[in-house]
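Please look over the sequence and the structure shown below before reading on. The paragraphs after it are intended for a reader who is new to this structure.

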Amino acid sequence: MQQALIARHRAPGWQPVPPSPLSLPPRPVLPQGLRAVEGQRVESGTWFAGLSARLRQAILARARVQHVRRGTCLVQRGAIATDWVGVAGGALALGTSWRDGRAFTLSLLGPGDWYGDIALIDNSPVDLDIVAQVHSTVLVVPRDALRELLQAETELRGALLQLDCRRLRHMFRRLEELQTLPLSQRVALKLQRLVRQFGRPAADGSAVQQIDLTLTQGDLAGLLCASRQRINGVLRQLQGLGILGCSHGRIEVLNPTRLADVASGKLVLEQPGG
């Protein structure tokens with residue numbers, strides 16, 4: 001009734017006034033060459049999403065976009081640090097090579113992850129190689145731009161400290177797992193983390209999760225400090241139990257519940273030799 005009375009007293013030709021642009025939340029300005037979906041992945045990264053809108057925009061404004069092919073080495077261990085790197089699409093491997101030629105991968109960076117700030121801040125050589133695991137889109141913030149941000153945005157100092165604390169805890173967990181857990185349990189834990197990082201749900205709505213990343217047994221061996229033969233033995237057991245599958249060269253977790261049982265030690269597999 002009240003709405004009808006208001007409409008009756010409106011002047012002829014009256015049109016509703018659209019909301020002022022100032023009342024709408026600001027849309028982030030993406031760096032040139034970054035697709036909207038990639039920008040969303042960066043914005044939704046756990047660490048990046050916790051920053052203020054002002055700081056997020058300040059970082060993006062100073063970043064340039066690079067598209068790199070699988071196998072491209074963005075940064076080499078021992079080199080002078082020049083850039084802070086963020087992942088917008090794909091995956092970057094942090095690792096190095098042993099003297100016998102075997103590759104060791106400390107971690108995989110996925111969309112929303114950032115790396116390289118420590119060497120830029122303390123002027124030390126780069127500690128690890130950064131190599132594109134697949135075709136990837138990366139954001140590169142030059143050293144001078146990062147230092148300028150640290151001076152202008154006090155929030156960034158505390159945020160980088162939090163980021164480094166998370167990295168340190170991750171390394172402690174990996175060291176503990178390497179020293180105390182059987183390989184099958186470490187494989188299951190790594191697959192769970194890869195699902196969280198790169199998982200894609202099945203189109204049929206089932207519980208199946210596909211790791212949206214092409215990983216060879218050699219890649220998993222590098223991530224878990226084990227031989228390819230031993231990794232192969234564990235994967236075969238997981239496939240035999242109906243826990244894992246493979247589609248188009250990508251690992252599928254067919255039964256997340258049973259994978260969790262292996263990761264927790266509730267379900268114990270035979271230890272592969274070699």
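The model is predicted: local features need pLDDT of at least 70, side-chain atom pairs count only at pLDDT 80 or more, and totals for chains, interfaces and linings use all residues. Residues are numbered from 1 along each chain as its sequence is written, and side-chain values use heavy atoms, with hydrogens and water left out.

Helices (H or I, at least four residues) and strands (E, at least two) are DSSP runs, numbered from the N terminus. Two strands are said to pair if DSSP finds at least two bridges between them. In general, strands of a sheet pair through backbone hydrogen bonds, either parallel or antiparallel. Between strand S3 (residues 83–89) and S6 the antiparallel pairing extends over 2 bridges, and Gly86 stands opposite Trp114 in S6.

Contact means heavy atoms within 4.5 Å.

Side chains of opposite charge can pair when their charged atoms come close. A salt bridge is a side-chain nitrogen of Lys or Arg within 4 Å of a carboxyl oxygen of Asp or Glu, and by this rule the count comes to 11 salt bridges. One of them joins Glu148 to Arg62, with the closest N and O atoms 2.9 Å apart. Glu148 belongs to helix H6 (residues 143–152) and Arg62 to the loop between helix H4 (53–61) and S1, so this pair ties together parts that are 86 residues apart in sequence.

Another salt bridge is formed by Arg64 and Asp83, whose closest N and O atoms are 3.8 Å apart. This pair links strand S1, which holds Arg64, to strand S3, which holds Asp83, across 19 residues. Arg70 and Asp219 also meet in a salt bridge, at 4.0 Å from N to O. Here the loop between S1 and strand S2 (73–75), with Arg70, is linked to helix H9 (residues 217–224), with Asp219, and the two residues are 149 residues apart. Buried means under 20% relative accessible area, exposed over 50%, and partly exposed in between (1.4 Å probe, protein chains only). Arg70 is partly exposed at 43%, whereas Asp219 is buried at 18%.

Helix H10 (residues 228–240) has 13 residues, which should span 18 Å at 1.5 Å a residue, and its end C-alpha atoms are 18 Å apart, in agreement. The expected span is 1.5 Å times one less than the number of residues. In H10, the residues Ile231, Gly233, Val234, Leu235 and Leu238 are buried. Their cover includes helix H8 (183–198), H9, strand S11 (244–247) and helix H11 (256–264). After H10 comes Gly242, with a positive phi near 75°.

How many disulfides does a search of the whole structure find? The search finds 0, a disulfide being a pair of cysteine sulfur atoms within 2.5 Å. Cys225 is partly exposed at 27% relative accessibility, while Cys246 is exposed, with a relative accessible area of 57%.
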